[in-house]
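Keep the sequence and the structure in view as you read.

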Amino acid sequence: MFIDNTEIKETLQYLVEQNEISDTERLGCEERMQLVTYQDGVLEISTPSRYYRDRYEERYKEKMEEYLSHIEGKAISIQFSVRPSTLTESESSPPQPTATQTNQVKQQRPTGLSLLYTFETFVPGENSLYPYNAAIAIAKNPGSAYNPCLIYGGVGLGKTHLMQAIGNYIYDHNPHMNIIFISAEKMFHDLASHTRGNSPHAFREKYRNADVLLMDDIHLLQRKVETQNELFYVFNELYAQQKQIVFTCDRPISELQNFSARMTSRFERGLTVDLQPPTFETKIAIIKKKLEIEGKEFPSEVIELIANTIQTNVRDLEAAITNIHAYADLTGEKITLESTMTRLKATFAGSLAPQGTISTSKVQKIIADYFDVTVNDLKSKRKTKNIVYPRQLAMYILRQITDLSTTEIGLEFGGRDHTTVMHACQKIEDLKIIDPNIESTIRNLIRSVKENIES
Ligand SMILES: Nc1ncnc2c1ncn2[C@@H]1O[C@H](COP(=O)(O)OP(=O)(O)OP(=O)(O)O)[C@@H](O)[C@H]1O
């Protein structure tokens with residue numbers, strides 16, 4: 001009797017037919033499972049990491065054994081193992097789709113969702129539990145749980161991941177649903193090309209037929225009046241039909257500039273959840289999960305050093321892992337505290353714990369850009385609301401993160417008096433009590449400033 005990878009593929013296909021696994025999971029399994037030996041009714045299948053070994057053992061072992069025993073006419077038992085670490089990085093990492101597979105995946109998932117972004121690969125922490133739970137509730141009951149939903153937060157904190165996890169989950173459980181995942185920027189270009197081709201109706205038709213509209217980075221539509229108008233139309237259509245709508249944004253809706261009020265009021269109808277930077281414990285859990293998924297191992301003190309040092313976001317944690325591992329792999333050096341610190345310094349020179357100086361003009365520029373005003377506006381005497389608030393916030397933030405006195409700060413804002421700065425700081429403190437969103441905006445802005453620190 002002979003069993004090869006073809007039988008394993010057939011078994012996986014059988015599991016799909018039995019609704020034990022989704023077609024997406026099958027693709028992943030096919031990529032990761034490799035037959036090692038088959039002897040005396042025992043089939044050894046290797047996997048890229050302990051994570052996959054345990055996962056497959058728990059989820060698929062029994063059913064696979066059942067099917068194989070049936071077709072072979074005798075009891076077959078499966079042993080999942082982990083491929084030796086002598087394998088190259090690319091072999092032990094989660095599958096990167098090959099050209100053909102990319103095509104396969106694209107055909108099956110025309111929505112552009114990434115298989116890497118699922119609820120299983122997301123590590124919830126106290127910074128993200130609320131959005132995580134909301135996302136699961138939406139995925140389980142699209143259109144009825146929380147609609148629309150806005151996920152906002154700073155860069156690299158998992159907004160896209162959660163949004164895609166919603167899409168993947170819905171796709172896996174309701175493959176007939178028309179899920180559209182699109183970045184706001186792409187939608188803007190899509191509209192432009194439909195307009196050029198004289199087919200704006202086709203644009204509307206495409207989006208209004210969605211059962212689930214997942215739109216990433218809505219803040220990129222600031223100033224894009226035409227796309228906002230079209231989106232407004234699509235939004236109303238979908239909302240009326242109870243189709244699920246999820247948006248991500250890098251800031252609270254109230255802080256979008258040059259965004260139509262009728263559109264923001266629609267957003268405010270639904271659920272708004274925000275992602276905060278992970279705590280030390282969550283960073284540790286995320287690093288461990290990433291290592292497990294990729295079949296890598298770091299000493300625990302190295303994991304702690306990374307979690308302690310990277311203060312920015314999860315994307316940077318991932319970059320740190322990749323960098324440290326690649327360096328050790330390519331040079332043959334051991335991963336130690338010293339080598340890790342050297343790699344971290346080389347990779348994140350500008351964004352590690354602040355060592356350099358914070359320049360007032362940099363802070364002013366970051367805040368002006370965020371609110372879509374100019375630094376000159378901040379320094380001017382203009383008193384319109386859209387300028388006064390960013391100006392007060394800039395003064396407040398400078399007071400928080402520099403040693404500058406209120407007199408020195410006042411001078412940087414067109415020679416204002418120190419009492420104006422004191423008043424601005426008090427005003428922001430008062431607003432923080434009324435509007436809890438302000439706290440997270442301040443945190444995000446301070447993080448941005450620290451990432452741009454001059455050493
Ligand atoms: N809690 C988490 N658990 C596991 N991975 C995470 C988590 N949060 C973020 N990530 C990972 O960090 C990376 C960045 O996340 P993502 O792209 O979702 O960020 P984002 O908030 O959409 O950022 P941006 O605003 O820059 O688009 C992704 O690879 C994602 O998988």
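Predicted model: local features only at pLDDT ≥ 70, side-chain atom pairs only at ≥ 80, totals over all residues.

How many residues surround the ligand, and which are the closest? The shell has 17 residues, and the closest are G158, K159, T160, H161 and V314.

Residues are numbered from 1 along each chain as its sequence is written.

**The ligand shell**
- Two elements give two or more residues to the shell: α8 (159-173) and α15 (314-331). Helices are DSSP runs (H or I, at least four residues), numbered from the N terminus.
- By class, the shell has 7 nonpolar, 6 polar and 4 charged residues. Ala, Val, Leu, Ile, Met, Phe, Trp, Tyr, Cys and Pro count as nonpolar; Asp, Glu, Lys and Arg count as charged; the others, Gly among them, count as polar.
- The ligand lies between domain 2 (129-275) and domain 3 (280-347), because both give residues to the shell. The domain bounds come from an automatic or database domain assignment.

**α14 and α16**
- The axes of α14 (residues 300-309) and α16 (residues 337-347) come within 10 Å and cross at roughly 30°. Axes are lines fitted to C-alpha atoms over the stretch in contact, and angles run from 0 to 180 degrees between N-to-C directions.
- That makes α14 roughly parallel to α16. Angles under 35 degrees count as roughly parallel, over 145 as roughly antiparallel, 65 to 115 as roughly perpendicular and the rest as oblique.
- E301, V302, L305, I306 and T309 of α14 meet L337, T340, M341 and L344 of α16. Two residues are in contact if their C-beta atoms, placed from the backbone, lie within 7 Å.
- This contact of α14 with α16 divides into 6 nonpolar, 2 polar and 1 charged residue.

**α13 and α15**
- The axes of α13 (residues 280-294) and α15 come within 10 Å and cross at roughly 45°. That makes α13 oblique to α15.
- From α13 come K283, I286, I287, K290 and L291; from α15 come V314, L317, E318 and I321.
- The α13 contact with α15 has 6 nonpolar, no polar and 3 charged residues.

**α13 and α14**
- The axes of α13 and α14 come within 9 Å and cross at roughly 125°. The two helices are therefore oblique to each other.
- F280, K283, I284, I287 and K288 of α13 meet I303, E304, I306, A307 and N308 of α14.

How values were computed. Near = placed C-beta within 6 Å.
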